[in-house]
Every structure is written in structure tokens, then in C-alpha cells.
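Hi,

Here is the structure I promised to pass on to you. Have a look at it first, then read my notes with the viewer open.

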Amino acid sequence: MRLKDSVEVFLLSLMHQWMESAPENGRKGLYQGEPKVNSQMMRAAYILKIIGVAEEDKVFNKLAVHCRRNDGHSYISKDGGWMEKPLELGGGWYFEGGTSLVQKQDILSSLTKIGYSPTFVSAADTFVAGKPVSDFFPTDEEAKLLLSQIKLQASSEN
């Protein structure tokens with residue numbers, strides 16, 4: 001399955017860029033000039049951070065509702081005090097990074113509740129697992145169609 005939404009394709013390109021230029025999986029190094037460890041935890045936080053960058057409170061409030069634990073806490077919360085490995089997402093929001101891959105993927109499945117496609121969630125799952133995401137990019141024909149739709153939309157807004 002390939003992505004067809006321009007925003008999702010853009011986010012996929014950021015995931016792909018990470019996979020191409022971040023340190024080797026499990027290693028510490030520099031990514032875009034900042035020290036990072038390329039791990040499932042950091043990749044999950046990265047995708048959540050780039051999704052929420054424009055509207056942190058709106059996005060993370062919605063995700064927090066869908067990512068509740070049995071003890072009432074949420075894996076995405078403004079209260080990082082209870083978390084074992086809180087990772088800052090921005091705007092005072094934190095993600096509990098001390099989770100298994102299955103738990104991270106379950107948290108990412110909540111992205112469908114805020115408008116992302118199941119195909120995008122699959123791409124995010126693949127990214128967090130440390131596998132290449134290039135198979136999710138549109139084909140050349142699909143990309144041409146997507147670009148024409150973007151141009152049409154832009155011209156109708158002007």
C-alpha cells in the first residue's frame with residue numbers, strides 16, 4: 001500500500017530522511033546537528049513530534065484520550081512525572097518511551113483517530129521498527145497525480 005495524501009507523503013519523507021541519515025540503529029550520533037540515539041523510542045517520539053508540531057495541544061490532547069493505560073495515566077501526557085522514560089514532544093507534552101515495540105505501535109494506531117490513514121499508521125509502525133519506509137511512497141504516476149491535485153487546490157485558493 002502506498003500513501004496518497006500529500007501531508008502523509010511529506011511526513012513519510014521526514015521518516016525516510018531519518019532512516020537515511022540518522023546514526024546506525026541502536027547507536028548514538030548526530031542527526032541534523034543534535035545528538036540522538038537511533039532507537040525505537042526515539043523514532044516513536046520523532047514521528048509524534050512532527051505530527052504535533054503545528055498544533056501541539058490539539059493533537060496531543062486527542063491522542064492522550066486514546067492512549068490511556070489501565071492505571072488512568074496516558075502514554076502521551078503533560079504530566080511526565082510518573083513516566084519511566086519521558087520524552088519531550090513540545091508544548092509541555094511528553095511521551096512515555098519506556099514501552100515495548102507492540103505498545104509503541106498500539107499508541108501509533110491511535111493516529112487513525114485524528115485523521116491519519118491506516119496506510120500511514122503502517123508506515124509509522126515500519127519506521128519505529130527501524131525498517132525502510134520507501135515502499136510507502138507513491139509511484140511516479142501517483143506522485144504526478146498528487147502534484148496536479150496540489151496545484152489545482154492552490155490555484156482554487158488564490
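A bit of housekeeping first. This is a predicted model, so keep in mind that local features need pLDDT of at least 70 and side-chain atom pairs count only at pLDDT 80 or more, while totals for chains, interfaces and linings use all residues. Residues are numbered from 1 along each chain as its sequence is written, and side-chain values use heavy atoms, with hydrogens and water left out.

Strands

Two strands pair if DSSP finds at least two bridges between them.

Start with strand S1 (residues 28-31) and strand S2 (residues 34-37), which pair antiparallel over four bridges. Gly29 sits opposite Lys36 in S2. Two residues separate S1 and S2 in this hairpin, and Gln32 in the turn has a positive phi of about 50 degrees.

Next comes an open sheet of three strands in the order S3-S5-S4, paired antiparallel. S3 and S4 are at the edges with a single partner strand each, so one side of each has no neighbour in the sheet. Strand S3 (residues 76-77) is joined by two bridges to strand S5 (residues 93-96). Look for Ile76 opposite Phe95 and Ser77 opposite Tyr94. On the other pairing, S4 and S5 are linked by four antiparallel bridges, and Glu88 has Tyr94 as its bridge partner in S5. S4 and S5 also form a hairpin with two residues between them, where Gly91 in the turn has a positive phi of about 65 degrees. When you colour the side chains, remember that in a regular strand they alternate between the two faces of the sheet.

Helices

Helix H2 (residues 40-52) has 13 residues and spans 18 Å from its first C-alpha to its last. That is close to the expected 18 Å, where the expected span is 1.5 Å times one less than the number of residues.

I call a residue buried under 20% relative accessible area, exposed over 50%, and partly exposed in between (1.4 Å probe, protein chains only). The buried residues of H2 include Arg43, Tyr46 and Leu48.

How many of the 11 residues of H5 are buried? Nine are, so to speak, under cover: H5 is mostly covered. Among them are Phe120, Val121, Asp125 and Phe127. What covers the buried residues of H5 includes helix H1 (6-21), H2 and H4. After H5 comes Gly130, with a positive phi near 85 degrees.

The largest pocket

A 1 Å grid over the protein atoms alone was used here: a pocket is an open set of points where a 1.4 Å probe fits, with protein on both sides within 12 Å along at least five of seven lines, and lining residues have an atom within 4 Å of a point. The largest pocket holds about 230 Å³ of space, the volume being the space filled by probe spheres set on the points.

Which element gives the largest share of the lining? H2 does, with five residues. S2, H2 and strand S4 (86-90) each supply at least two. Trp18, Gln32, Lys36, Tyr46 and Glu88 are among the lining residues. By class, the lining has seven nonpolar, one polar and four charged residues. Nonpolar means Ala, Val, Leu, Ile, Met, Phe, Trp, Tyr, Cys and Pro; charged means Asp, Glu, Lys and Arg; the others, Gly among them, are polar.

Ser110 lies in the loop between helix H4 (101-109) and helix H5 (118-128). Ser110 counts as buried because its relative accessibility is 5%. Leaving aside neighbours within four places in sequence, Ser110 is in contact (heavy atoms within 4.5 Å) with Leu63, His66 and Cys67.

Gln105 is in helix H4. Gln105 counts as partly exposed, because its relative accessibility is 23%. With neighbours within four places in sequence left aside, Gln105 is in contact with Asp125 and Ala129.

Happy clicking!
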